[in-house]
Amino acid sequence: MSGVKRKRNVLNVQQKLEILQKLDNGESVSTDAEDALNEGNTISHPAFLQSVETLLDYMGQRGFDYGGITAVRKIRVDIRQEMNKQQKQRRITDFLKQ
């Protein structure tokens, strides 16, 4: 797969600010980021994980409540589990190709 270029899109600054403002107001944003990213765009798990880590840092600095931080931590765990699952599947596939 080397040489194959994939288009990777992430939330733009405006989309991130809107989501953070909604979080500040206590609104639910569980589908906002997903909707923005699913408009024909994809993002790699490592890039998304980095965004979640950045969001957690921001939330910690801004003093978000424990429930909000816990929800984002759950997302981080889910991403890592999916990454591990895909890595395991690649290893199995690579082993079977040998």
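How many helices and how many strands does the secondary structure of the chain hold? The chain comes to four helices and zero strands. Helices (H or I, at least four residues) and strands (E, at least two) are DSSP runs, numbered from the N terminus. From that end on, the elements run α-α-α-α.

The model is predicted: local features need pLDDT of at least 70, side-chain atom pairs count only at pLDDT 80 or more, and totals for chains, interfaces and linings use all residues. Residues are numbered from 1 along each chain as its sequence is written, and side-chain values use heavy atoms, with hydrogens and water left out.

The chain has 98 residues, and buried ones make up 20% of them. Buried means under 20% relative accessible area, exposed means over 50%, and partly exposed lies in between (1.4 Å probe, protein chains only). Contacts (heavy atoms within 4.5 Å) were also sorted by sequence separation. Among those with a separation of 6 or more, 57% join residues 24 or more positions apart.

The largest nonpolar core has eleven residues. A nonpolar core is a set of buried Ala, Val, Leu, Ile, Met, Phe, Trp, Tyr and Cys residues joined through side-chain atoms within 4.5 Å. Its members here are Ile19, Leu20, Leu23, Leu49, Val52, Leu56, Met59, Phe64, Ile69, Val72 and Ile79. Helices H1 (13-24), H3 (45-62) and H4 (66-97) each supply at least two residues of this core. H3 gives the most, with four residues.

Two helix pairs were examined through their axes. Axes are lines fitted to C-alpha atoms, for helices over the stretch in contact, and angles run from 0 to 180 degrees between N-to-C directions. Angles under 35 degrees count as roughly parallel, over 145 as roughly antiparallel, 65 to 115 as roughly perpendicular and the rest as oblique.

H1 and H3 pack at an angle of about 40°, with their axes 12 Å apart. H1 is therefore oblique to H3. Their crossing is right-handed. A crossing is right-handed if the near helix is turned clockwise from the far one by less than a right angle, and left-handed if anticlockwise. Leu20, Leu23 and Asp24 in H1 meet Leu55, Tyr58 and Arg62 in H3. By class, this contact has four nonpolar, no polar and two charged residues. Ala, Val, Leu, Ile, Met, Phe, Trp, Tyr, Cys and Pro count as nonpolar, Asp, Glu, Lys and Arg as charged, and the others, Gly among them, as polar.

The axes of H3 and H4 come within 10 Å and cross at roughly 160°. The two helices are therefore roughly antiparallel to each other. H3 passes H4 in a left-handed crossing. On the H3 side, the contact is made by His45, Pro46, Phe48, Leu49, Val52, Glu53, Leu55, Leu56 and Met59. On the H4 side, the residues are Gly68, Ile69, Val72, Arg73, Ile75, Arg76, Ile79, Arg80, Glu82, Met83 and Gln86. The contact of H3 with H4 has twelve nonpolar, three polar and five charged residues.

Leu55 in helix H3 takes part in the contact with H1 and in the contact with H4. Leu55 is partly exposed, with a relative accessible area of 22%. Leaving aside neighbours within four places in sequence, Leu55 is in contact with Leu20, Leu23 and Val72. The C-alpha atoms of Leu55 and Val72 are separated by 8.1 Å, at 17 residues apart along the chain.

Arg73 lies in helix H4. At 39% relative accessibility, Arg73 counts as partly exposed. Arg73 touches Leu56 and Tyr66, again not counting residues up to four places away in sequence. Arg73 and Leu55 are 18 residues apart in sequence and 9.9 Å apart in space, C-alpha to C-alpha.

Phe48 is found in helix H3. Phe48 is partly exposed, with a relative accessible area of 26%. Phe48 and Arg76 are 28 residues apart along the chain, and their C-alpha atoms are separated by 8.9 Å.
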